[in-house]
Amino acid sequence: MTVAPEDDAGVASKHASIHLSLSGADATWNLLPVFRIGRGSDSHLRLPSSRVSHSHCELRHAGNGAWVVRDLGSKNGTSVNGRRLPAGLDTALANGDVIEVGSGDCRVIFAPGQPADALLTKPSDAFWMGAAAGERWLEIASTDSSTLTLVRHESDWYLESATQVNVSSPLVDGQVLVFAGEQYRLWLGDESGPTEDVSAERTRLSEAVLRVAVSQDEEEVHAELELGGNRFSLPTRVYLYMVLLLARYRRQDSVSGLDAREAGWRYADEVAEALAVDAPTLNVHVFRIRRDLAKLGFCDPHDLIERRTLAKQLRLGIPPERCVLNAL
C-alpha cells in the first residue's frame, strides 16, 4: 500500500533518530518507546488494509538504543528481511532491517536511535509531529492563523490554545483534540522508558544571551542568541519587532522596580495593538519564532515567549540581565 507524502509539518525532527521509512512514499515516522502498527484506531501507524490485523505488530525500545519487534498474533504475519516472525516473541532489529506487515502489504525500513516522548497525529491523513526526548512543546498552525500548542510540565502534557484552555488537567495517551475543524490524536511515550541523560550537551535558551539591534527609524531589527561562545542568528522576520517590544516591556518594568515575577507581562490584545496586528497574527508570530529556534537546535524554544493562558498575557522569557538592546 502507499501512504501520502508528508507535508513540512511531518518532516522528522533532527532530534529524533528513530524513524520508519515507508517504501514508495518516503514518509518518515518517529517511534515512541512502544510503537504499534495495525488497522485499529489505537495504532500509532494506522494501515487501513484488510490484510493488516487490528493490532498487527509493535516495535519496542529495549534500552541503550536497542529495539525489538514483535508480531501480536496477526493473521497474515510480520516478516523481517523476508523471515516470518513467530507470534509473541521479540526479535532484535538492526539498522536497515526491512519489516513487512500483512503479507508484504506494507514494507517499512527501520533505523535505530532514541524514542520520541510524544506524537501528534491526524487520523484523516499522514500528518504527524513528534517531540524528541527532552523536548517540551508541540505546536501547529492552521490556515486561519490560529495555533494549537501542547506544553510539557514535569512529566505531563497540557493544552495551551488561544481558543481552548485546559491547563489544569493533564492530557492522556490517545486523547483526541479538535483544532480548526480537524481531529488530532496525541500519543505519549511510556514512562518506563530509559532515563534521559541530562549530562548530554543541549542548547538551551535558559543559558543564552539575547542580543537585539534596531535601526534608528526602527525599520530594521536584527537578533541573535549567544551561548558558550557560539552565536545563533535569527532570521530577519516580522516577529523580531514583537521580540523587541516585549524586551522593552520587561526592561521598563524591571527599571521601575516591579517584582521579577511580574515584570514584562502584557495582555495579548495590548501587544497586538502595539504591533498593529490582530490576535491570530500575533499567535502566528509566536509559533514561527518557536519553530525557527527549534531549527537552530534549541531544546526549549517554547521558553522564549512565556504565556499566562488563562489571563491571556505574554512576556519575553529572557530576563533583562541576559537581554542586550543595541542600535544598528
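Visitor: At what relative accessibility does R70 stand, and how does R70 count?

Guide: R70 counts as partly exposed, at 26% relative accessibility. Buried means under 20% relative accessible area, exposed over 50%, and partly exposed lies in between (1.4 Å probe, protein chains only). This is a predicted model, where local features need pLDDT of at least 70 and side-chain atom pairs count only at pLDDT 80 or more, while totals for chains, interfaces and linings use all residues. Residues are numbered from 1 along each chain as its sequence is written, and side-chain values use heavy atoms, with hydrogens and water left out.

Visitor: Which side chain meets R70 in a salt bridge?

Guide: The general idea first: side chains of opposite charge can pair when their charged atoms come close. A salt bridge here is a side-chain nitrogen of Lys or Arg within 4 Å of a carboxyl oxygen of Asp or Glu. For R70 the partner is D90, at 2.8 Å from N to O. This pair links distant parts of the chain, 20 residues apart: R70 is in strand β6 (residues 66–71), and D90 is in the loop between β8 (83–84) and β9 (91–92). Strands are DSSP runs of E, at least two residues, numbered from the N terminus. D90 is partly exposed, at 35%.

Visitor: Which residues are linked with R70 and D90 in a network of salt bridges?

Guide: E58 and R60 are linked with them in that network.

Visitor: How many salt bridges does the rule give?

Guide: The count comes to 15. Among them, R261 pairs with D259 at 3.0 Å; R261 is exposed at 64%, while D259 is partly exposed at 36%.

Key: Helix = DSSP H or I, 4+ residues; strand = E, 2+ residues; numbered from the N terminus.
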